[in-house]
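Dear colleague,

My findings follow directly after it.

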Amino acid sequence: MLDSPFSKTDQRRQLLLKALSERGAMTIPEMMELAGCSKATIVRDLDLLAGRGLIIRTINGAQPQPSPGPSGQELSFQEKKHLQSAEKMAIARRAVSLVEEGDVVGLTGGTTTFLIAWLLRSRVNITVVTNAVNIAASLAESEGVQVVVTGGVMRGKSYELCGPLALKTLEELHIGKMFLGVDGVSLENGLTTHSEFEAQTNRLFIAHAQQTYAVFDHTKWERTSLFPIAPLSSANALITDKPPSAAMLDRLRAENIPVYVAKP
């Protein structure tokens, strides 16, 4: 199997974003040396990433875009797939390690849950229930995975099906292990997301699951998005790539909510 579900172009852009995040700013020659490609290729990458609001172009290079605050603009799947890619893959591998033959697995939309689905392709005797059409498509050729897709109206940013049809489908299903993508995790507001419709669907996913695991990278810690999904206590465990603050970790331990930290 391939090491990544993303193209070489996607992986190069992920490399540039990671380097900019670590260094703060880079010149075009530095990026050419890092990625081993031409100036024209780097310029095209930077123009695309800047157009998506992921970086800030400078005279001879780029610098990272500051992280959005609690009311920050929602990024699309295509934009988010370039961010924290190594961390998300580590989280996905940890999540998949919890899946056993015969499991019914629930997956909401999101870049981390997409990677979970990609890693599940080689499994056998697994059923995946999802409301994300890109996740369903990624499993289409997997002979060992049965895919159940909810109905609903698709949100373009996340490829998730939402609304009354999605809710009606989920009301009839029983899910074993639910992997929930979120946009914010905080003590005060619990698990949150940018979309009211996704929040409604996610709540029903949780209600019909025996176990719920929130999967998210460290940038979601102590952030609150607009719409609440559920309190932290609704999750059986949290899977991420870095632990939260000491205060939050103490609170999670007091509520008996494990935090699984997956190192990239």
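Two strands are taken to pair if DSSP finds at least two bridges between them. Please note that the model is a predicted one.

On that basis, strand β4 (residues 104-107) and β5 run parallel and are joined by four bridges. Within this pairing, valine 104 has threonine 127 of β5 as its bridge partner. β4, helix α6 (residues 111-120) and β5 form a β-α-β unit that is right-handed.

β5 is also joined to strand β6 (residues 145-149), by five bridges and in parallel. Here threonine 127 stands opposite glutamine 146 of β6. From β5 the chain crosses to β6 through helix α7 (residues 133-138), in a right-handed β-α-β crossover.

Five of the five residues of β5 are buried, so the strand is largely enclosed by the rest of the structure. Both of its faces are covered, with Ile126, Val128 and Thr130 buried on one side and Thr127 and Val129 on the other. Threonine 130 has a relative accessible area of 0%. Beyond its neighbours within four places in sequence, threonine 130 is in contact with Leu107, Ile135, Ala136, Val148, Val149, Thr150 and Phe205.

Elsewhere, three strands make an open sheet in the order β10-β11-β13, with antiparallel pairing. β10 (184-186) and β13 (227-230) are its edge strands, and the twist from one strand to the next averages 35°. Three bridges join β11 (residues 190-193) to β13; in β13, alanine 230 is the bridge partner of leucine 191. Helix α9 (residues 196-207) packs on this sheet, touching β11 and β13, and its direction makes about 5° with that of β13.

Yours sincerely

Key
Residues numbered from 1 in each chain as written. Predicted model: local features only at pLDDT ≥ 70, side-chain atom pairs only at ≥ 80, totals over all residues. Heavy atoms only, no water. Buried < 20%, exposed > 50% of the residue type's maximum accessible area, 1.4 Å probe, protein only. Contact = heavy atoms within 4.5 Å. Helix = DSSP H or I, 4+ residues; strand = E, 2+ residues; numbered from the N terminus. Axes fitted to C-alpha atoms, helices over the stretch in contact; angles between N-to-C directions. Right-handed = clockwise from strand over helix to strand, strands pointing away.
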